Amino acid sequence: MAKILKFVRPTESLGPEVLTLLGAAYDQAILTAPNRPHSVYSLMATRLIHAGTYGERNPDALNEIALHGLF
């Protein structure tokens, strides 16, 4: 989870459960798409945070959102 925290803005209010879920989704996305530039990981994190902010909680959907267009 700690890896995604650096991408969360102070103005975004996400509870600990959501941050844990997003962190797990981010970690899984990194494992699925290893050795990518930092900009790609930043994009994946931004997508996940946006989806989490708007209520997405399904781990499979979050993984698809993070990886959309990378393969």
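The model is predicted: local features need pLDDT of at least 70 and side-chain atom pairs count only at pLDDT 80 or more, while totals for chains, interfaces and linings use all residues. Residues are numbered from 1 along each chain as its sequence is written, and side-chain values use heavy atoms, with hydrogens and water left out.

**Stop 1: α2 and α3**

Select residues 16–32, which form α2, and residues 38–53, which form helix α3. The helix labels follow DSSP runs (H or I, at least four residues, for helices; E, at least two, for strands), numbered from the N terminus. Two packed helices are described by the angle between their axes and the distance between the axes. Here the axes come within 10 Å and cross at roughly 150°. Each axis is a line fitted to C-alpha atoms, for helices over the stretch in contact, and angles run from 0 to 180 degrees between N-to-C directions.

α2 and α3 are therefore roughly antiparallel to each other. The angle classes are roughly parallel (under 35 degrees), roughly antiparallel (over 145), roughly perpendicular (65 to 115) and oblique (the rest). α2 passes α3 in a right-handed crossing; a crossing is right-handed if the near helix is turned clockwise from the far one by less than a right angle, and left-handed if anticlockwise.

Now show the side chains of Leu22, Ala25, Tyr26, Ala29 and Ile30 in α2, together with Tyr41, Met44, Ala45, Leu48, Ile49 and Gly52 in α3, for these residues make the contact. Contact means heavy atoms within 4.5 Å. By class, the contact of α2 with α3 comprises 10 nonpolar, one polar and no charged residues. In this scheme Ala, Val, Leu, Ile, Met, Phe, Trp, Tyr, Cys and Pro are nonpolar, Asp, Glu, Lys and Arg are charged, and the others, Gly among them, are polar.

**Stop 2: α3 and α4**

The crossing of α3 and α4 is right-handed. To see where they meet, select Met44, Arg47, Leu48 and Ala51 in α3, then Leu62, Ile65, Ala66 and Leu67 in α4. This contact of α3 with α4 has seven nonpolar residues, no polar residues and one charged residue.

**Stop 3: α2 and α4**

Next, display α2 with α4, whose axes are 9 Å apart and which pack at an angle of about 50°. α2 and α4 are therefore oblique to each other, and their crossing is right-handed. On the α2 side, select Leu21, Leu22, Ala25, Gln28, Ala29 and Thr32; on the α4 side, select Pro59, Leu62, Asn63, Ala66 and Leu67. The residues of the contact of α2 with α4 divide into eight nonpolar, three polar and no charged.

**Stop 4: the faces of α4**

Which residues of α4 are buried? They are Leu62, Ala66 and Leu67. Buried means under 20% relative accessible area, exposed over 50%, and partly exposed in between (1.4 Å probe, protein chains only). Seen down the axis of α4, the buried residues fall within an arc of 120°, so they line one face of the helix; the arc is that of the directions from the helix axis to the C-beta atoms. These buried residues pack against α2 and α3. On the other side of α4, Asp60 and Glu64 are exposed.

**Stop 5: single residues**

Select Gly52, which lies in helix α3. At 1% relative accessibility, Gly52 counts as buried. Leaving aside neighbours within four places in sequence, Gly52 is in contact with Leu14, Leu22 and Arg57. Gly52 and Ser13 are 39 residues apart in sequence and 10 Å apart in space, C-alpha to C-alpha.

Thr46 is also found in helix α3. Is Thr46 buried or partly exposed? With 44% relative accessibility, Thr46 counts as partly exposed.

Move to Val18 in helix α2. Val18 is buried, with a relative accessible area of 12%. Its C-alpha atom is separated by 24 Å from that of Pro34, 16 residues apart along the chain.

Finish at Asn35, in the loop between α2 and α3. Most residues other than glycine have a negative phi. Asn35 has a positive phi of about 60°, although it is not a glycine. At 77% relative accessibility, Asn35 counts as exposed.
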